[in-house]
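Colleague: I am new to this structure and would like to learn how to read it feature by feature. Could you show it to me, and then take me through what stands out?

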Amino acid sequence: MEWLNSSHLSLGLFFVGLYGVITQRNVIKTIISINIMDASAILFLITANLQPGSVPPIAGGDPARMADPVPQALMITAIVIGVSVTAMCLALFIRVAHRYGSSDWEKIVHRVDD
Amino acid sequence: MLIQYIPTLYVLVLLPVVVGAIGYFLPRRMYQGVLLVFGLVMIAISAAVFYEVRVMGEVVEQVAGWGDSISISLRADELSAPLVLMTSVLFFLFFVFNSRAPYMDNTFQYLFMTLQCALLGMFLSGDLFNVYVIMEVGMLAVSILIMYKKEKQSVYDGMMYLMINFLAMAFMLLGIGYLYRITGVLDFIGMHNKIAQINDPRALVLPYALIMTAIALKAALFPLFSWLPRAHGAPSAPSIISATLSGVQVKVGVYLLIRMQWVFSPVIDASVFFAVLGFVTAVIGFLLAVSQKDIKLILAYHTVSQVGLIVLGLNGGTDYAFWGGMYHIINHAMFKGLLFLTAGVIIDQYGTRNYSQIRGVFRRMPWIGIAGFAGVLGITGTPLFNGSISKYLIQNGLQGNLAEIGMFIVNLGTVLSFVKYSTMFFGKAPDEVKPLKDPYINGVSMLIGLGCLAGGIFGAQAVQLLYGQSYNLSGTLGAEKLIMFAITLALGIALYFGVVKRIGGFLQRIRDNKLNYNQVALLITVFFAFLTTYLYITV
């Protein structure tokens with residue numbers, strides 16, 4: 001099971017999300033799929049260059065064994081951004097769903113220009 | 001100098017959003033006044049930075065004084081300083097242009113300032129993750145701004161824009177993750193140095209493809225441009241937003257393309273790929289532009305075409321073509337900004353967006369007509385106007401190979417679509433259309449129009465001033481060029497009246513062909529897969 005490491009796992013998740021974005025016609029499901037992709041990228045960065053047995057980079061621990069703090073700090077930012085963009089997408093989706101009466105991309109695109 | 005005592009670059013990035021936030025609670029008129037003065041301050045600071053870069057070279061600022069490639073840095077160099085200056089000047093002019101618009105409330109102005117902050121941040125950041133963060137901020141601001149006038153399909157346009165870009169940013173984040181795992185730094189220069197020491201180039205294929213997919217989408221390259229016309233030509237987007245997006249924001253993609261290509265340059269060189277892609281984008285862009293009826297959509301699709309031309313120049317492989325492409329970025333910002341501004345005014349006055357129902361702009365609104373026509377002359381590369389200089393440089397840089405014929409085709413397409421666009425300037429205007437008497441709108445339009453002319457007449461000096469490259473540009477007015485332009489113009493007019501006007505049904509089918517979100521996502525995936533395969537074969 002050497003090959004089953006976190007980077008392959010997150011890469012797999014990324015393409016699962018991508019598959020969802022391409023195939024799902026429901027707007028909510030595409031938003032979920034993009035979130036899966038985002039989460040997989042975050043997982044990838046958190047575990048990049050992670051040594052087995054390392055401890056969280058919190059004051060009081062042994063500095064020699066601490067995990068790389070940079071990706072962890074960055075990923076908090078990325079998570080916050082992801083949440084706010086998702087919230088914005090959902091807010092817009094409510095408006096679109098009310099106006100066009102559908103949550104299907106294919107139906108919406110035909111109703112838009114009439 | 002002043003720059004040594006205060007962190008000018010931080011001020012430049014943060015000040016718009018700080019001033020915007022503090023002044024937000026002032027009454028509208030006062031807020032507008034504050035921001036107008038502030039726009040001048042921004043121009044002054046940008047000019048100081050630009051001067052500093054020209055005279056002393058790169059300006060770098062590190063947070064908290066940590067060393068290179070550890071701390072988060074801001075960096076102004078010869079590539080970004082002219083773009084920063086351009087952004088500040090255009091934002092100020094657009095702001096003045098819009099002073100009397102009814103939708104200029106506090107929220108709009110605040111979001112406009114946020115957009116300026118985001119654009120400056122992207123140009124000045126020396127750190128890839130910061131670029132990612134600022135891109136997301138800019139994306140949120142833009143998606144609200146393009147639906148600001150709340151017209152019928154605005155929410156859909158905003159949602160498409162936001163979700164397509166959100167998807168692309170997920171690609172970018174994973175690419176950053178890969179790059180961080182390989183290099184351990186996020187600073188552009190740090191990454192460049194680490195990449196130079198890598199033995200296995202194939203390890204870099206995946207991060208390169210992931211990041212470039214996101215950037216190609218931001219730069220609206222073929223086949224990832226379908227979000228651009230929706231956003232830039234959206235009926236609900238105020239004209240200054242369309243002008244900002246087409247003039248400045250899309251250049252962020254082009255700028256990052258250059259930056260990231262440089263970062264990867266020791267190992268991966270895909271400039272041939274991007275040169276071909278640029279050419280294809282340029283051709284598809286003008287074909288779609290010609291088939292549109294909506295004047296804002298003609299301009300929006302034409303932005304796609306011009307970005308393709310810029311990318312072709314930047315990847316042309318010679319200094320001439322590269323600096324021609326760089327100069328074309330500035331020129332395109334000027335004339336496309338001007339064209340969007342005047343188009344917005346024309347749409348408001350005529351109450352229609354259909355080019356065939358608009359006639360007689362020259363008679364009804366002479367100032368807007370003249371300024372808009374100067375924009376048309378600029379974009380078609382008419383001798384004496386700025387477009388001719390940059391196109392001449394690109395063409396010279398590509399001399400002696402197939403790309404030169406490509407340039408001719410792109411030029412012909414530009415002329416063709418602007419023959420269509422220009423028909424609205426002539427003829428007799430309907431009586432119900434009122435002349436426009438807004439000194440701000442007329443003044444700013446004329447000023448940018450004159451800028452287009454000045455950029456052409458003093459072309460060599462402008463290139464020298466902006467980029468420190470001296471070229472002999474007397475050839476732009478040579479007999480050969482003039483004859484070539486006349487042939488292109490005649491051919492363009494003949495093609496328009498002979499062919500384009502007769503295939504209305506076919507063009508209607510092109511216009512009806514709208515992509516839904518899943519198809520856009522599929523195109524992004526196909527682009528990513530193609531780029532990855534191409535790199536595996538060539539690297």
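**Reading the surface, the helices and the core**

Modeller: In chain A, the residues A:W3, A:L4, A:L9, A:L13, A:I28, A:I32, A:I36, A:L43 and A:L90 make a nonpolar surface patch of about 750 Å². The model is a predicted one, in which local features need pLDDT of at least 70 and side-chain atom pairs count only at pLDDT 80 or more, while totals for chains, interfaces and linings use all residues. Residues are numbered from 1 along each chain as its sequence is written, chains are lettered from A and ligands numbered from 1 in the order in which they are written, and side-chain values use heavy atoms, with hydrogens and water left out.

Colleague: Which helices each supply at least two residues of the nonpolar patch?

Modeller: A patch gathers residues with over 30% relative accessible area and no salt bridge, nonpolar side chains (Val, Leu, Ile, Met, Phe, Trp, Tyr) being joined within 5 Å and like charges within 9 Å; a salt bridge would be a side-chain nitrogen of Lys or Arg within 4 Å of a carboxyl oxygen of Asp or Glu. Accessible areas come from the Shrake-Rupley method with a 1.4 Å probe, and for residues only the protein chains shown count as cover. Helices are DSSP runs (H or I, at least four residues), numbered from the N terminus. Here helix 1 (6-23) and helix 2 (27-47) of chain A each supply at least two residues, and helix 2 gives the most, with 4 residues.

Colleague: What do the buried residues of helix 7 of chain B pack against?

Modeller: The buried residues of helix 7 (residues 188-196) are B:F188, B:G190, B:M191, B:H192 and B:I195, and they pack against helix 5 (128-145), helix 6 (154-183) and helix 10 (239-264) of chain B. B:D187 caps the N-terminal end of helix 7, a side-chain oxygen lying 3.1 Å from the backbone nitrogen of B:I189.

Colleague: Which residues touch the most other members of the largest nonpolar core?

Modeller: In soluble globular proteins, nonpolar side chains tend to be buried together. A nonpolar core is a set of buried Ala, Val, Leu, Ile, Met, Phe, Trp, Tyr and Cys residues joined through side-chain atoms within 4.5 Å. Of the 227 residues in the largest one, B:F129, B:Y132, B:L167, B:M260, B:F274 and B:Y421 touch the most other members. The largest share of this core, 21 residues, comes from helix 6 of chain B.

Colleague: Where is B:P223?

Modeller: Most residues other than glycine have a negative phi, and most peptide bonds are trans. B:P223 is in the loop between helix 8 (205-218) and helix 9 (227-232) of chain B, and the peptide bond from B:F222 to B:P223 is cis, with omega near 0°. B:A220, found in the loop between helix 8 and helix 9, has a positive phi of about 60° although it is not a glycine.

Definitions and conventions:
Buried < 20%, exposed > 50% of the residue type's maximum accessible area, 1.4 Å probe, protein only. Contact = heavy atoms within 4.5 Å. Polar contact = N/O pair within 3.5 Å; in protein donor to acceptor, adjacent residues only side chain to side chain.
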